[in-house]
Amino acid sequence: MKFMKIGSKPDSIKTDGNNVRYVENELASDITINVDGSRFCLHKFPLLSKSACLQKLLSSTDKNNADEVDISGIPGGPTAFETCAKFCYGMTVTLSAYNVVATRCAAEYLGMHETAEKGNLIYKIDVFLNSSLFRSWKDSIIVLQTTKTFSPLSEDLKLVSLCIDAIASKACVNVSHVEWSYTYNRKKLAEENNGADQVRAREVPHDWWVEDLCELEIEFYKRVIMNIKSKGVLGGEVIGEALKAYGYRRLSGFNKGVMEQGDLVKHKTVIETLVWLLPSEKDSVSCGFLLKLLKAATMLNSGETVKEQLVRRIGQQLEQASVAELLIKSHQESETSLYDVDLVKKIVVEFMARDQNSEIEVEDDDEGFEVQEVKKFPGILSEASKLMVVKLIDGYLTEIAKDPNLPASKFIDLAESVSSISRPAHDGLYRAIDMYLKEHAGITKGEKKRMCKLMDCRKLSVEACMHAVQNDRLPLRVVVQVLFFEQVRASASSGSSTPDFPKGIRELRSCGTYGSSRSVPTVMEDEWDAVATEEEMRALKSEIAALKLQEESGRKSTDKAAVTAISRVKSLIMSRKMFGKKLQGKGGGGEKNNGGGGSDSSESLGSVTEEGAKTATPSRNLTRKVSVS
């Protein structure tokens, strides 16, 4: 730290312990100056020669025959006035970054300009600031921090702007001119712990300054970063690193995605300022940092403009996010869901919008009016980015599916927002759907049907297929569809041709495909949308086991086994249909829901009554759990 000494006489100002200060010499004091409860017994001549303000005050007191004046409004109080008084007496005064602003403002109040006397205090302080303190990185920061106490006078004297410009200029200097004595306390490399010589030899990073600026209050920090950006020397990544460091330092719990108790108003100001300062360059800040800002903005109830800007920025680099970072808890009183799914959907929509860019051209028509024409160009999203995002959303759907209060409509809408992206495999989507069905047994039949439409059974892996055909939470339509396509794949991999199924089996397969417009008179739609019973699942399991055994032994006779499996299912469903009609004829409409196969799929699994289980098919097996690897 740099300092300056002014004057050569020893300090002879004493105090008597009662807030009375006086100059110890042979001459009696002839003026008393009151400053915020402290009394200074001084002499007129040294003060009058250097202070225009005191000249004016003393001239007015002479008219009233008084020798006492009050200057309680002086910046810096008694301490700053004592420094100015010592200068007037020629006593030694030491100025540093900590007291220079207070002394400068007090000197301004006392009118210690060159017009009063050459080489006055204000001139000496300005020389010290420009030649020493503003050339020092640390001292410039300290001086800027002390100016807040003396605002707005420090602003009027341009001390704040001079400090900010000095700091910004230092931050933009070429790193080859930066000495390693500057603070750099963030993650040290392994080689830095081996010896001081290696630390000094290591190249100075471009963001060497970001830790020191974290000491500034948000108002000063904003102005410094704006000044740095205006110089156009540092890239967006360096600015982004500075914003990230400031957020972690000034916001408690920010790194963990939570906001600890404190001055929430100040925290909100910090978040909104950091968002406003974000560089325009893409990837200048990480997607994880942007999502942390969005979480904080949601918790602190920031304005919609802040959230929209973050959503837009996150959507530009969504492929960099992780599932944990997307789990933004809902803080709306009207929202019962655990997570803010709507906010994530907005991010996904923003990401998908990048696949179709628009450009507005303004032209003048024949009458001189401006006409806007929107032209669309091919998207800029790479296939790799799309696949990363769709995998991300599948994982996110799996996590939010565990929320018992999540409506099926929100789950489906989010899944549909990325449906235009062609997934190479649907295992992740199947896992999410299965998790939702597991946690929401009361889902309606229509919602379950719409949800299962999202999945393409032809893109399930062998492991997922083996799990699906044993999954008692899926509609029977899906189970048979999985079985059919798995057999087609097995035939193709073994080199044999696709089996020529009988007409009845082809009808069964077409009915098992969602979205088919053909009607199948032999099987009712409701039967296919219902959940498979235990007997039907046992039949499918046995046939699948046979298929797997034959595949392991050389993939022989798999076509015949697949036909047998599907025929077995068809016969079971037909018998259940006929049995249900008999029950309907005997007991009327009041008992038609007791049959296991004809129960509404909106009921939870195993909700069939014991009486119904005896008269119809066996109840669902609730204890069976098969996990997808």
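A polar contact is a pair of N or O atoms within 3.5 Å; within protein, one must be able to donate a hydrogen and the other to accept it, and residues adjacent in sequence count only if both atoms are side-chain atoms. The model is predicted: local features need pLDDT of at least 70, side-chain atom pairs count only at pLDDT 80 or more, and totals for chains, interfaces and linings use all residues. Residues are numbered from 1 along each chain as its sequence is written, and side-chain values use heavy atoms, with hydrogens and water left out.

**View 1. Ser 140 in helix H6.** Helix H6 spans residues 137-147 and holds Ser 140. (Helices, H or I of at least four residues, and strands, E of at least two, are DSSP runs numbered from the N terminus.) The Ser 140 side chain reaches the backbone oxygen of Ser 136 at 2.7 Å. Ser 140 is buried, at 1% relative accessible area. (Buried means under 20%, exposed over 50%, partly exposed in between, with a 1.4 Å probe and protein chains only.) Leaving out residues up to four places away in sequence, Ser 140 touches Leu 133, Phe 134, Cys 163, Ala 166 and Ile 167. (Contact means heavy atoms within 4.5 Å.)

**View 2. Trp 209 and the largest nonpolar core.** This core has 158 residues. (A nonpolar core is a set of buried Ala, Val, Leu, Ile, Met, Phe, Trp, Tyr and Cys residues joined through side-chain atoms within 4.5 Å.) Trp 209, Leu 213, Tyr 221 and Ile 228 have the most contacts inside it. Domain 1 (1-135) and domain 2 (317-358 + 380-457) both give residues to the core, so it lies between them. (Domain bounds come from an automatic or database domain assignment.) Beyond four places in sequence, Trp 209 touches Trp 137, Ala 171, Ile 225, Ile 228, Leu 234, Val 238 and Ala 242.

**View 3. Helix H15 and its packing.** H15 (residues 304-316) has 13 residues. Its first and last C-alpha atoms lie 18 Å apart, close to the 18 Å expected at 1.5 Å a residue. (The expected span is 1.5 Å times one less than the number of residues.) Buried residues of H15 include Val 306, Leu 310 and Ile 314, along with Lys 307 and Arg 313. The buried residues pack against helices H13 (264-277), H14 (287-299) and H17 (341-353).

**View 4. Confidence along the chain.** The chain averages a pLDDT of 78. Over residues 367-372, pLDDT is below 50.

Definitions and conventions
pLDDT is the predictor's confidence in each residue, from 0 to 100.
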